[in-house]
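I opened the model and kept short notes on what I looked up. Here they are, in the order I made them.

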Amino acid sequence: MTSPGENLRINGDRLWESLMDMAKIGPGIAGGNNRQTLTDSDKQGRELFARWCDEAGLTMGVDQMGTMFMTRPGTDPDALPVYVGSHLDTQPTGGKYDGVLGVLSGLEVIRTLNDLGIRTKHPIVVTNWTNEEGARFAPAMLASGVFAGVHTLDYAYERKDPEGLSFGDELKRIGWVGDEVVGARKMHAYFEYHIEQGPILEAEDKQIGVVTHGQGLWWLEFTLTGKEAHTGSTPMNMRVNAGLAMARIFEMVQDVAMAAQPGAVGGVGQVKFSPNSRNVLPGTIVFTVDIRSPDQAKLDGMRSQIEEKAQAICAGLGVGYAMEAVGHFDPVTFDPTLVSRVRAAAERLGYSHMNLISGAGHDACWTNRIAPSTMIMCPCVDGLSHNEAEDISKEWATAGADVLFHAVVETAEVVE
């Protein structure tokens, strides 16, 4: 298999300019982005990406989940495509790089191939997966999950946002319902380039994260039912205090995660109080516990402990209890051949690198079920992500995109 010469690099200035141009769409309030999935801003971001791909000579396909597939043909009509991608949607207070870096670096791979006049045996497809974040419509990685057969199309279409709007209706509203059957495409391989979303690469002074595994995850949504009552005039011993039960569960989740060290995390990022009044004890509290580990037994053990202890806490306080698992994937082991190819590319290019386990979920976690997949990561400042202050350097972005270029092109096989 022919590798591109080590002197071949992507255009870092052009990649950075594309990142900054995309960041103008759906600006946040503090320097980042709010381009949540299936909003008008998402539509505008898709339109800009589609225009850039058209200018690069790519042919667009869109499936019934709205996922965008931008194809550069190969010389062998029977060769399966090499896919490279991530997502353009963001958190409500997201940064300019999470997901977007992977999509636009995929486009930069194509632009560089065009500049150099390089042809590949396999087609290369740059992909923008719909609703990776799961911020507006849970669960995360929804479109890639349908693609991999984890979820049904009907399940995805029925997901609702906090305002009660359905995924299917909103996809139709912004005009991005495609005609391709989801999952009908076959992949030769899948690559995803992403910011680390953690502090390890920066702390170790490494330019490239060679991602070997991904943590498994459970999102457990708890609904606690108390009794709404005046906070000032209700005696302490007569309260049905859902807020107290919630607080004890939060502390318990921390204890369970700490007891499972090393290689486990747990916490709560979303809470909804009702009626959410300062002098009324809550009648209903809904919150989501997020637990993760690369160890399957540890992950499932944490879930079992949390459920058992949460139920006992609520029973002891007379608080109503319900739990629903609203997101899950098992720990992931990425394809060893592709992982080795990424590592070899970093070495060939002279970039410092280290193995990483991804702490976050990514579309590659689902594609890994149906095709050889792997990930590349670059550092981010202070490990900060899902925050408008998320930051990377142009040099970091360029290094990872160089490695992506070499790994993708080697896999797609250069035609001499």
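Predicted model: local features only at pLDDT ≥ 70, side-chain atom pairs only at ≥ 80, totals over all residues.

**Entry 1: helix 9.** How many residues has helix 9, and what does its span reach from first C-alpha to last? I counted 22 residues, 296-317, and the span reaches 32 Å. That is close to the 32 Å expected at 1.5 Å a residue; the expected span is 1.5 Å times one less than the number of residues. Helices here are DSSP runs of H or I with at least four residues, strands are runs of E with at least two, and both are numbered from the N terminus.

Residues are numbered from 1 along each chain as its sequence is written, and side-chain values use heavy atoms, leaving out hydrogens and water.

**Entry 2: its two sides.** Which residues of helix 9 are buried? I found Leu299, Met302, Arg303, Ile306, Ala310, Ile313 and Cys314. They cover an arc of only 110° around the axis, which puts them on the same side of helix 9. The arc is taken from the directions from the helix axis to the C-beta atoms. Buried means under 20% relative accessible area, exposed over 50%, and partly exposed in between, with a 1.4 Å probe and protein chains only.

**Entry 3: its ends.** I looked at the N-terminal end of helix 9 and found Asp295 capping it. A side-chain oxygen of Asp295 lies 2.9 Å from the backbone nitrogen of Ala297. Just after helix 9, Gly318 takes a positive phi of about 70°.

**Entry 4: the cover and the sheet.** What covers the buried residues of helix 9? The cover includes helix 8 (242-259) and strands 8 (216-225), 9 (265-274), 10 (284-293) and 11 (320-329). I then traced an open sheet of four strands, in the order 9-10-8-11, with antiparallel pairing. Strand 9 and strand 11 are the edge strands, each pairing on one side only. Two strands pair if DSSP finds at least two bridges between them. Nine bridges join strand 8 to strand 11. Phe222 stands opposite Met323 in strand 11.

Note on methods. Contact = heavy atoms within 4.5 Å. Polar contact = N/O pair within 3.5 Å; in protein donor to acceptor, adjacent residues only side chain to side chain.
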